[in-house]
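Me: Could you walk me through this one, starting with how the chains meet?

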Amino acid sequence: MANASDRPDAGIPPAEVPDLALPHPHSWWAKYVFSQDAKYIAIQYACTATAIGLVALVLSWLMRLQLGFPGIFDFITPEAYYQYITMHGMIMVIYLLTALFLGGFGNYLIPLMVGARDMVFPFVNMLSYWVYLLAVLVLVASFFAPGGPTGAGWTLYPPQAILSGTPGGQGAGIILMLVSLILFIIGFTMGGLNYVVTVLQARTRGMTLMRMPLTVWGIFIATVMALLAFPALFVACVMMLFDRLLGTSFFMPALVEMGQQLSYGGGSPIVFQHLFWFFGHPEVYIVALPAFGIVSDLISVHARKNIFGYRMMVWALVIIGALSFIVWAHHMYVSGMHPYFGFFFATTTLIIAVPTAIKVYNWVLTLWRADIHLTLPMLFALAFIVTFVNGGLTGLFLGNVVVDVPLSDTMFVVAHFHMVMGVAPILVIFGAIYHWYPKVTGRMLNVGLGHIHFWVTFVGAYAIFFPMHYVGLVGVPRRYPEIEATFITTPIAGLNAFISVAALTVGAAQILFLFNLFWSLRNGREAGPNPWRACSLEWQTPETPPKHGNWGKELPVVYRWAYDYSVPGAPEDFIAQNDPGPRVERDGPP
Amino acid sequence: MSIVLVFLLAVALVAGWWLSQQRLTSKPWLETGAGPPASDRPEIPTAKIGLGVFLAVVGGLFALFGSALVMRMGYADWYQVRLPDVVWVNTAILVLSSVLIHIAVGAARRDETAQLQAGVAAAGVSTLAFLGGQLLAWRILIDSGEPLAAHPGASFFYLISGLHGLHILGGLVALARTGARLWRGEESRRVRLGVELCAIYWHFLLIVWFGMLALLMGWASDVVALCRTILT
């Protein structure tokens, strides 16, 4: 027994912080549009990210139409196809997933979960959203630019990205893309400073780091990583913008294009690849770690059991975050690097599997003999575990140099990363929305619609991406709009059509989900303050949805960790974090 | 990418040291009670922590520019830019502005308003002089036939010094805001914090400038080459 004190309220300083110096706006504009309240900013982030995500969804439909039924849709030229894949990838990875996890969930959950009134720099936080919105608008503008958006692939590899052979390369497309990314990074840095410093400085009394819910840990570590990784993309974008606009040759070697010697000379495209992937690989975990954190909480709440191995979960997050900075070159096995380099990066890549596996085991062990409620968040959490393991296993193939070389740039890679960083985090986002929607709006989402949404999405995602592994394995390269009929491609034509139909269906299911979001706003069942009977602080606010300042007159005091579920001897099957409660005797590790 | 990895290692050491103070081995499932009153919270003002995190980002940014520069230097056709002498004068001015703002911090701590005002003003003026000097250096370099797109060595100099200048400019905005507060006669605690934050930022950008200069002059790559010979 390691009680911090004998009396639960011992050592608490006298009630302090009746109110912080929060801005209290009065005009409608300042309250709802240029709001400095993290909760409004979160919703603004989420709506913007969803809106631009829908654009990316439509682009994926168009791609699948072309791949499944080549030659039927005249308007999908090869150029247009390249533009679709580029914008789809960029939007999904950066403008949707990163923005939604950190800007959306980070803003909403961090202050509530650590017991703060708001983020520590509310004005900068507001600015963060508006710069993000500007970045999205610049991105959207590139669709209307002459020549259309860039078609360089989401990796934007030079030299092709700024040459005339690539769509948007000599037009405005690539310029707008780079400017948009630079703006996004500036905006994100403003937000990221807030998330990190709020966790460091604004935790309420009793909320030690090791009492924070894993959601906060995941978002915290991911934000630290993003703050250190995004500058690499920033540097790459600035230098490429110089190459494109000012004639420098950072990335551009001497080139002959259409028989014309270009003025470039002496640049190195490999430097860009290093910079890009120094951002690009941590980015995978910037998306994954918040998902890890959120899914831990979903499983614990809906299985009515404390999370297994909380400390290990925290350590694993930290270790994954650190390791993810020394694996970037596994994206560059075919760039002609030194074989010893490949060996080093293959080793570090495979080592990451250890802390990741610890997390998976701990989720499964949390479920072991738990009181599992198959609610919608739980279904999505379970689907996440399965999908993440599936996607992770193909990562073992691609992490090994000798296996990766033949598989590189095939549809196998596309299937792998869609499973592991597309479908898996999106499933968590859905689970999280079903879980926290009642707190945000005060109403439950419709369960029937939710079940249709879940099953179509889950089964459909497998119908799309399982066959795609096979398509890649037989040798179909990625980023090809159309492949001539050969002995390889003819047999899989049917498979491609099947994948396309599945993709269209899964996309349509998301419209159902959006309908549910709007419909339940008015017609959902009243949720009450704590519909899932969860321990963590965001469910203990005096009002639902929480008002400006979150906590009414006094900040909550935290007496325990966030996972006191099914404690033997307790009157209910959960004890809220701010509940001093009766002292419950427990001995030894659980 | 060695430079940015060294930088990240330094960040990781600081973060690891901090984490080691956070009772990461405690067993939260066994502990109840609100615990000792906020003892795990450092007494540092929030703005200072925020600045520290921001400087880590800025440091990473310049470390990445440095990494790109060093990678590019490794190629056979690397051509060193010949920095105009005025760069050294500029560097001296930047050191001077750092010293001045340090003096201003001392004055703020002793509550000597007149000296504080003089220090802040002098630091602002000398920093402006640094930026002017940098523009002059660009002018001289362009006139001597090495414009931005002449060769990668020149491009890197313009890019890095330009970005450094932009960061200095941002710092000047912050300094001007603090100065405005100072002249309006706002409460000294807030002004003091503002001056302290500016001073940290100034010293940091000075160190960054030294590092970037060492890389651009090729000194750092000599050191790296030396380390490599020792290691292999």
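Here are some questions and answers on the fold, the interface and one histidine.

This is a predicted model, where local features need pLDDT of at least 70, side-chain atom pairs count only at pLDDT 80 or more, and totals for chains, interfaces and linings use all residues. Residues are numbered from 1 along each chain as its sequence is written, chains are lettered from A and ligands numbered from 1 in the order in which they are written, and side-chain values use heavy atoms, with hydrogens and water left out.

Me: What pattern does chain B follow along the sequence?
Reply: Helices (H or I, at least four residues) and strands (E, at least two) are taken as DSSP runs, numbered from the N terminus. Chain B has seven helices and zero strands. Reading along, you get α-α-α-α-α-α-α.

Me: What percentage of the residues of chain B count as buried?
Reply: Buried is under 20% relative accessible area, exposed is over 50%, and partly exposed is in between (1.4 Å probe, protein chains only). Chain B has 232 residues, and its buried share is 50%.

Me: What is the area buried between chain B and chain A?
Reply: Contact here is heavy atoms within 4.5 Å, and 51 residues of chain B touch 64 residues of chain A that way. Buried area is the accessible area (1.4 Å probe) that two parts lose on being put together, summed over both. Carbon and sulfur atoms give 73% of a total of about 5,000 Å².

Me: Which element gives the most to the side of chain B that touches chain A?
Reply: The elements of chain B giving two or more residues to that side are α1 (2-20), α2 (46-73) and α5 (152-184). With 14 residues, the top contributor is α2(B).

Me: How many residue pairs are in polar contact between chain B and chain A?
Reply: A polar contact is a pair of N or O atoms within 3.5 Å; within protein, one must be able to donate a hydrogen and the other to accept it, and residues adjacent in sequence count only if both atoms are side-chain atoms. With both residues at pLDDT 80 or more, the number of such pairs between chain B and chain A is six.

Me: Which side chain does the side chain of A:His330 make a polar contact with?
Reply: A:His330 sits in the loop between α8 (310-323) and α9 (339-367) of chain A. A:His330 counts as buried because its relative accessible area is 13%. At 3.1 Å, its side-chain partner is A:His331.
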